Amino acid sequence: MPKTPDAFTHLPQLRGKVIAPCQSALRATTEALAAWDALARSQGRPDNWRLSDQVLQTSMQAFLADIDTRQDLWVFAYGSLMWNPGFEFAEVRLANLAGYQRCFSFKVDMGRGTVDCPALMLSLEHQAGCCTGLAFRIAAHQLQDELAMLWRREMIQGSYVPAMLPLSTPQGPLCALAFVSNPASSQYVGRQPLDKTARAIATASGFIGSNRQYLEQLAEQLTHLDIEDNYVRQLQARVEQIAAAEVLSP
């Protein structure tokens, strides 16, 4: 994986725990988008199942208009980006985002869910406390290409709002791109009761895997990083209870 030798200097325990971009099924190349479109057509979905390439490019350039593209860009990861960023990075740090928390607050009917059984995916919700995740640094000379990979993936259906937010890291403060919840999205469901969220996660599955697998991968990466997240821990325990009950039921 072409990155600087010291990319994991601050977090050596992550070596081998982050999927290389060249091996990522979520690296949103032109070829990947075409494959996703073909799958959508095979499922009878309309052509506008996702935002068009032009809309995505326009929104990315609008974001970059307020960014000094001569500088490296930091990206805050709190969900699947923590183990499968899908973009090249030069450095990774542990990072805290104050005033936000992880929440399974929007639904998807592709990827890890279906139309009949949507999955619930993570977003960032304004809430007292702090969300601990990772900050990845994209080198300035790779910014346009690598941000495009990330933008197509995260903004493909408009479920998020991109924002530059202040982070604290053991190496010092920085400002990073974070994808926060978009209540205006038709996919937004907001914070739901824990049991309702757990039941959705326990049952949904799609072409890239199950919703439960997503939660388990998240919990595993948090453990590697010694990050305590009570919400994730409680959800995982409840999902396991639901799964065990289904196995025992006649």
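Analyst: A crossing is called left-handed if the near helix is turned anticlockwise from the far one by less than a right angle, and right-handed if it is turned clockwise. Please keep in mind throughout that this is a predicted model.

User: OK, which hand is the crossing of helix 2 and helix 3?

Analyst: Helix 2 and helix 3 cross in the right-handed sense. Their axes, for residues 53–64 and residues 143–154 respectively, come within 10 Å and cross at roughly 125°. Helix 2 is therefore oblique to helix 3, since angles over 145 degrees would count as roughly antiparallel and 65 to 115 as roughly perpendicular.

User: And which residues make the contact?

Analyst: From helix 2 the contact is made by L56, S59, M60, Q61, F63 and L64, while helix 3 contributes L143, Q144, L147, A148, W151 and R152.

User: How do those divide into nonpolar, polar and charged?

Analyst: The residues in the contact of helix 2 with helix 3 comprise 8 nonpolar, 3 polar and 1 charged.

User: Switching to R153, is that one buried or exposed?

Analyst: R153, which has its place in helix 3, has a relative accessible area of 10% and is therefore buried, the cut-off for that class being under 20%.

User: What does its side chain reach, then?

Analyst: The R153 side chain reaches the backbone oxygen of N84 at 2.6 Å, and it also makes a polar contact, at 3.2 Å, with the side chain of E154. Leaving aside residues up to four places away in sequence, R153 touches L26, A28, S80, L81, N84, P85 and G86.

User: Back to helix 2 for a moment: what does D53 count as in terms of accessibility?

Analyst: D53, which lies in helix 2, has a relative accessibility of 47% and so counts as partly exposed. Its C-alpha atom is separated by 9.4 Å from that of T30, although D53 and T30 are 23 residues apart along the chain.

User: Last one, where does D226 lie?

Analyst: D226 lies in the loop between helix 5 (211–224) and helix 6 (230–248). With a relative accessible area of 71%, D226 is exposed.

User: And what about its phi?

Analyst: The phi of D226 is positive, at about 60°, although D226 is not a glycine.

Methods
Residues are numbered from 1 along each chain as its sequence is written. This is a predicted model: local features need pLDDT of at least 70, side-chain atom pairs count only at pLDDT 80 or more; totals for chains, interfaces and linings use all residues. Side-chain values use heavy atoms; hydrogens and water are left out. Axes are lines fitted to C-alpha atoms, for helices over the stretch in contact, and angles run from 0 to 180 degrees between N-to-C directions. Helices (H or I, at least four residues) and strands (E, at least two) are DSSP runs, numbered from the N terminus. Angles under 35 degrees count as roughly parallel, over 145 as roughly antiparallel, 65 to 115 as roughly perpendicular and the rest as oblique. Contact means heavy atoms within 4.5 Å. Ala, Val, Leu, Ile, Met, Phe, Trp, Tyr, Cys and Pro count as nonpolar, Asp, Glu, Lys and Arg as charged, and the others, Gly among them, as polar. Buried means under 20% relative accessible area, exposed over 50%, partly exposed in between (1.4 Å probe, protein chains only). A polar contact is a pair of N or O atoms within 3.5 Å; within protein, one must be able to donate a hydrogen and the other to accept it, and residues adjacent in sequence count only if both atoms are side-chain atoms.
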